[in-house]
Amino acid sequence: MKSLVDAFTSAQMLKLEEQQSLGEASCALSEIVTKPNRSLTLDLVRREESVSSTHSQHRGKLTVHAEECFSSKTTAEMTLKCLDLESKDLFSKSDPFLVISKLVESGIPIPVCKTEVLKNDLNPTWKPVFLNIQQVGSKDNPLVIECFDFNSNGKHDLIGKVQKSLADLEKLHSGMEGENLFLPTHDYQNKILKSKLFVDKFSENVQHTFLDYLAGGFELNFMVAIDFTASNGNPRLPDSLHYIDPSGRQNAYQKAISEVGEVLQFYDTDKHFPAWGFGARPIDGPVSHCFNLNGSSNYCEVEGIRGIMMAYTSALFNVSLAGPTLFGHVINRAALIASQSLANEARKYFVLLIITDGVITDLQETKDALVKASDLPLSILIVGVGGADFKEMEILDADKGERLESSTGRVASRDIVQFVPFRDVHSGEISIVQALLAELPSQFLTYMRSRDIKPST
C-alpha cells in the first residue's frame, strides 16, 4: 500500500545503479487517491536522510498523480452451473462451491472470486459472480475454475476443475456448450470427468468503482477495539503481548493499529476515531466488554492514530486485565454507530478493526451480531495475535465456506469479516495491511450495489 518513488537525472530507461539519485519520497496510496484532484506533492529526501535525520536537506519536490484505467470499471457478470457432479460424501450428495483463480507468471493460482456453497446438489446453479477485467489481467488471461465439496473442517475436496479465459467462457455461453471438468493425476495426465461446467449468462458492464465513490464524497470511518483479557499476560513483563518496549519497538497490537490506521486514516476527513477496549476491569468497576479506550464515560473518539496509541498505552495502566473474550458487545456498538449514520443518510462506510489474542467464548452471540450488521455500511477486520488456536475466528470469515447464520436461522446478507492471524504475515512476505484490506473494496462495493447507491458526480 506504499508508493515509493525515486527521481533520477536521466529520464531514459537506463541501468538505475549507474544513475545519480536526486532523492525519494514515500506515502500511502490512500493519501493520493483521497485528494480532490488525486494529486499529492511530496518533498524529496536522500534515502539515508529519510531514515536517520529529523532535519532532511531540501532536495526538491515530486508531484504524484493517480489515474484510474477505464478497464478497471469493466466487469464481467457470469452465472455458472455444473451438471453431473461426482458425490464426495458417503451418506449425502456433495455441497459444491466454485473458486475462480487467476494464473500469475510463476504459474501460481491466485483466488479472485468464490461462489456460495449449495447443499446436497450435484447439478448446482450458483448466484451470479462478478469479475473485474483488470482484476484478472485481461479477457485472454487464463483462469482456473475449481469445484470443491465443502467440508466444515476447512479441508474441502476437489471435485474437478477447468482452465479457461474470460473470452473462452464467453464462447461457451454463446455456443451453449459445456466444458468437461478434469482432475490432475500423479503422472500429469489429466483425468477427464463426465461432469461439465456451463455458463448460463455472460455480460459485460461498466460499473462504478471504489474511487468513483470516494470522488463522490463517500468516506471510510475507522474504528478499533482492543483485547484486554488476562491471557495477554502482565503488561509490565516482556513476554506479554501488551508489553510496551522502552526502546520503542512496537508490540503486535501497536503494529496492527499503526499499519492499518496509517492507510485508512486518509479516507476519514475529521480523523476522529472511536476506540474501545474489552475484557478488562476499569478501576473500581466490574469487567467491561466494551469500554471507551480514552477513559471517558461520555465519548469514545480519540484524535488521529497517535490518539489511539496514547489511549491504548494509558489504558494498560488504568485497567485490570480480566476476561472472558466477548466480541458481541463491541460489534453491536460499532453497528449502532453505522445504523445511526445510515438513518442520517450520511455518505459513510465504517471499518472496525478488532485485535485479539484468544478464542471467543460468545461465538453464537457474535454470529448474531455479524448477521445483523451485514445489512449496515460496516466491515470488520480481525487480527489474531499470539499463538492461540483461531479456528473459530476462521468460521466468522465467510471465505471458508458458507455465510454466517444467526440463532434464529437468518443468513448474513453479505460477507463483512476478514480475519488474519498476525503470525501468518509476520514473515514479511505479505503485509498485515495487504492481507486485511484485500477484500475491503469489494465488501464496500457489494453493499453499495446491492442497495443501488450511486456516487454523485
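A residue counts as buried under 20% relative accessible area, as exposed over 50%, and as partly exposed in between. By that scale Lys81, at 22% relative accessibility, is partly exposed. The model discussed here is predicted.

- Thr74 belongs to strand E5, which covers residues 74–83.
- Because its relative accessibility is 13%, Thr74 counts as buried.
- Beyond its neighbours within four places in sequence, Thr74 is in contact with Leu131, Asn132 and Ile133, and also with Glu204, Asn205 and Val206.
- Lys81 forms a salt bridge with Asp200, and the closest N and O atoms of this pair are 3.7 Å apart.
- Asp200 counts as partly exposed, with a relative accessibility of 39%.

- The side chains of Lys164 and Glu179 meet in a salt bridge, at 3.5 Å from N to O.
- Lys164 sits in strand E10 (residues 157–165) and Glu179 in strand E11 (residues 178–183), so that distant parts of the chain, 15 residues apart, are linked by the pair.
- With a relative accessible area of 19%, Lys164 is buried, whereas Glu179, at 24%, is partly exposed.

- Asp375 and Arg451 meet through their side chains in a salt bridge of 3.7 Å, N to O.
- Since Asp375 lies in the loop between H9 and strand E20 (378–384) and Arg451 in the segment after helix H13 (440–450), the pair ties together parts that are 76 residues apart in sequence.
- Asp375 is partly exposed, its relative accessible area being 26%.
- Arg451 also counts as partly exposed, at 31% relative accessibility.

**Salt-bridge network**

- Lys139, Glu170 and Glu204 are linked in a network of salt bridges.
- Glu204 of this network is also among the residues in contact with Thr74.

**Helix pair H8 and H9**

- The axes of helix H8 (residues 328–343) and helix H9 (residues 363–373) come within 9 Å and cross at roughly 15°.
- Angles under 35 degrees count as roughly parallel, and H8 is therefore roughly parallel to H9.
- The crossing in which H8 passes H9 is left-handed.
- H8 contributes Gly328, Ile331, Asn332 and Ala335 to the contact, while H9 contributes Thr366, Ala369, Leu370 and Ala373.
- These contact residues divide into 5 nonpolar and 3 polar, with no charged residue.

**Helix pair H6 and H7**

- Helix H6 (residues 252–264) packs against helix H7 (residues 304–316) at an angle of about 165°, and their axes are 10 Å apart.
- Angles over 145 degrees count as roughly antiparallel, and H6 is therefore roughly antiparallel to H7.
- H6 passes H7 in a right-handed crossing.
- On the H6 side the contact is made by Tyr253, Gln254, Ile257, Ser258, Gly261 and Glu262, and on the H7 side by Ile305, Ile308, Met309, Tyr312 and Thr313.
- The residues of the contact of H6 with H7 comprise 6 nonpolar, 4 polar and 1 charged.

Technical notes. Residues are numbered from 1 along each chain as its sequence is written. This is a predicted model: local features need pLDDT of at least 70, side-chain atom pairs count only at pLDDT 80 or more; totals for chains, interfaces and linings use all residues. Side-chain values use heavy atoms; hydrogens and water are left out. Helices (H or I, at least four residues) and strands (E, at least two) are DSSP runs, numbered from the N terminus. Buried means under 20% relative accessible area, exposed over 50%, partly exposed in between (1.4 Å probe, protein chains only). Contact means heavy atoms within 4.5 Å. Axes are lines fitted to C-alpha atoms, for helices over the stretch in contact, and angles run from 0 to 180 degrees between N-to-C directions. Angles under 35 degrees count as roughly parallel, over 145 as roughly antiparallel, 65 to 115 as roughly perpendicular and the rest as oblique. A crossing is left-handed if the near helix is turned anticlockwise from the far one by less than a right angle, and right-handed if clockwise. Ala, Val, Leu, Ile, Met, Phe, Trp, Tyr, Cys and Pro count as nonpolar, Asp, Glu, Lys and Arg as charged, and the others, Gly among them, as polar. A salt bridge is a side-chain nitrogen of Lys or Arg within 4 Å of a carboxyl oxygen of Asp or Glu.
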